[in-house]
Amino acid sequence: MCEIFGFERETVLERKSGDTVDEILRQPDVWKSIYGKIVLRKEEIKNFIMKIGKDTRVIFTGAGSSGFIGDALAPLVRKELGFNHVESIHTTDIVANPEQYLIKDIETLLISFGRSGNSPESVAAIQLAEKMIDNVFHIVITCNSQGELAGITNERTLNFKFDEAHDNGFAMTSSTSGMLLAAYSILNSSEDLSKPVDTVANYAEAVIESKQRMIASAYQKHVDRMVVLGAGNLFGIARESALKLLELTAGKIISRYDTPMGFRHGPKAMLTPNTVIMYFVSNNEYTQKYDMDMIRELSQSRKHKLLIVSDQYDAKIKELADIYVFNSEQEKLTDAFTFFIPLLVAQIFALYASLQLGCTPDNPFPSGEVNKVVQGVSIHI
């Protein structure tokens, strides 16, 4: 039942065939570059983090894909890094309802993400935090050294600029994964992460070089919808993956995201023979029990295509999946590094679908209905 393609080079996307293609394929190099820059600032980061108490409220914020980075990181940072109060609140929520989200007398660390650094809400969220919170610190992570966010510098702010991850294409790809890696590495700077960074980069290279055709085969001409499922820290990645398909196909394929258990409670009604289900399996052994229950349930109907991504190989998954992408190296990744391969798989699928539908991935909305940097936003402060 399961399609397992060989490890010979079977590419469907070639480098230098467009900005978006190149930006997806360059990610392993981007991750290594970003981590190398963070290592060089290790002492500066350590001194800054020492100012932040464990009871400081940590808020990840951004808009769209930048917001989904925080959705992925918040449960992981809360569990692993000892911060007691960690949340992901999108800038679009903060700006529209600041009094519901910003608390005057609670010390806060606002971690802001922005590809361009010029989104109106990104700048406004920082301005509102400065205005409404008595004691606020900032970590700014952006991919554009010329953007507004990049210009925010003071003794309460750490500012990181990673131009190598600045995507020229419409959709955020390497900027998403790059800023995600950067944030985790900054908050966990006391640990040497060079080995897991190299491991996941090598794994990604293997996917790029040898598994593109397998991933692309999940798309067929009749497909008009997709659902992406992931639990825990993979839920934020599911959100981002669903958005990638919607963006790159200019809405021709409708996508939805959910947790596996939440999907049963109504959203499962969306399934048709024209649906691709992309399932990200957790590395947590307890959560995997629920993953396997849902995978069995979904595999009972062969009307839809079931594409499963997991870190460790599982013979039971192989029997149930139509397409199965797993870590051939069999070196288990830590939870913090399970984000990247599901993201890459989703990006490759979305890009291939976009090309097959005749879209222009670098600019899927040539008439301007949706913009690369959001426009038309009035800020009322």
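Strands E6 (residues 225-230) and E7 run parallel to each other, joined by five bridges. Within that pairing, Met226 has Ser255 of E7 as its bridge partner. This is a predicted model.

**The sheet around E6**

E6 and E7 belong to an open sheet of five strands. The order is E7-E6-E8-E9-E10, and the pairing is parallel. E7 (254-258) and E10 (323-325) are the edge strands; each has a single partner, so one side of each lacks a neighbour in the sheet. From one strand to the next, the twist averages 15 degrees.

Helix H11 (residues 233-248) lies across E6, E7 and strand E8 (275-280). H11 runs at about 175 degrees to E7. Helix H13 (residues 285-299) packs on the sheet as well, where it touches E6, E8 and strand E9 (305-309). The direction of H13 makes about 165 degrees with that of E8.

**The sheet around E1**

Another open sheet of five strands has the order E2-E1-E3-E4-E5. Its pairing is parallel. Strand E2 (85-88) and strand E5 (157-161) form its edges, each pairing on one side only. Here the twist averages 10 degrees from one strand to the next.

Inside this sheet, strand E1 (residues 57-61) pairs with strand E3 (residues 108-114) in the parallel sense, over five bridges. Val58 stands opposite Leu109 in E3. H4 packs on the sheet and touches E1, E2 and E3. The direction of H4 makes about 155 degrees with that of E2. Helix H7 (residues 120-132) also packs on the sheet, in touch with E3 and strand E4 (136-142). H7 makes about 170 degrees with the direction of E4.

**Helix pairs**

| Pair | Angle | Axis separation | Handedness |
|---|---|---|---|
| H4 (residues 65-80) and H11 | about 165 degrees | 6 Å apart | left-handed |
| H9 (residues 194-210) and H15 (residues 340-356) | roughly 25 degrees | within 10 Å | right-handed |

Take H4 and H11. They pack at an angle of about 165 degrees. H4 is therefore roughly antiparallel to H11. From H4, the contact uses Ser65, Phe68, Asp71, Ala72, Pro75 and Leu76. From H11, it uses Asn233, Gly236, Ile237, Arg239, Glu240, Leu243 and Lys244. By class, the contact residues are six nonpolar, three polar and four charged.

Now H9 and H15. Their axes cross at roughly 25 degrees. H9 is therefore roughly parallel to H15. Val200, Tyr203, Ala204, Val207 and Ile208 of H9 meet Phe340, Ile341, Leu344 and Ile348 of H15. This contact has nine nonpolar residues, with no polar and no charged ones.

**Domains**

The domain assignment divides the chain into domain 1 (3-7 + 195-357) and domain 2 (18-193). Their C-alpha centres lie 26 Å apart. The two domains touch: 32 residues of domain 1 are in contact with 30 residues of domain 2.

Key
Residues are numbered from 1 along each chain as its sequence is written. This is a predicted model: local features need pLDDT of at least 70, side-chain atom pairs count only at pLDDT 80 or more; totals for chains, interfaces and linings use all residues. Side-chain values use heavy atoms; hydrogens and water are left out. Two strands pair if DSSP finds at least two bridges between them. Helices (H or I, at least four residues) and strands (E, at least two) are DSSP runs, numbered from the N terminus. Axes are lines fitted to C-alpha atoms, for helices over the stretch in contact, and angles run from 0 to 180 degrees between N-to-C directions. Contact means heavy atoms within 4.5 Å. Angles under 35 degrees count as roughly parallel, over 145 as roughly antiparallel, 65 to 115 as roughly perpendicular and the rest as oblique. A crossing is left-handed if the near helix is turned anticlockwise from the far one by less than a right angle, and right-handed if clockwise. Ala, Val, Leu, Ile, Met, Phe, Trp, Tyr, Cys and Pro count as nonpolar, Asp, Glu, Lys and Arg as charged, and the others, Gly among them, as polar. Domain bounds come from an automatic or database domain assignment.
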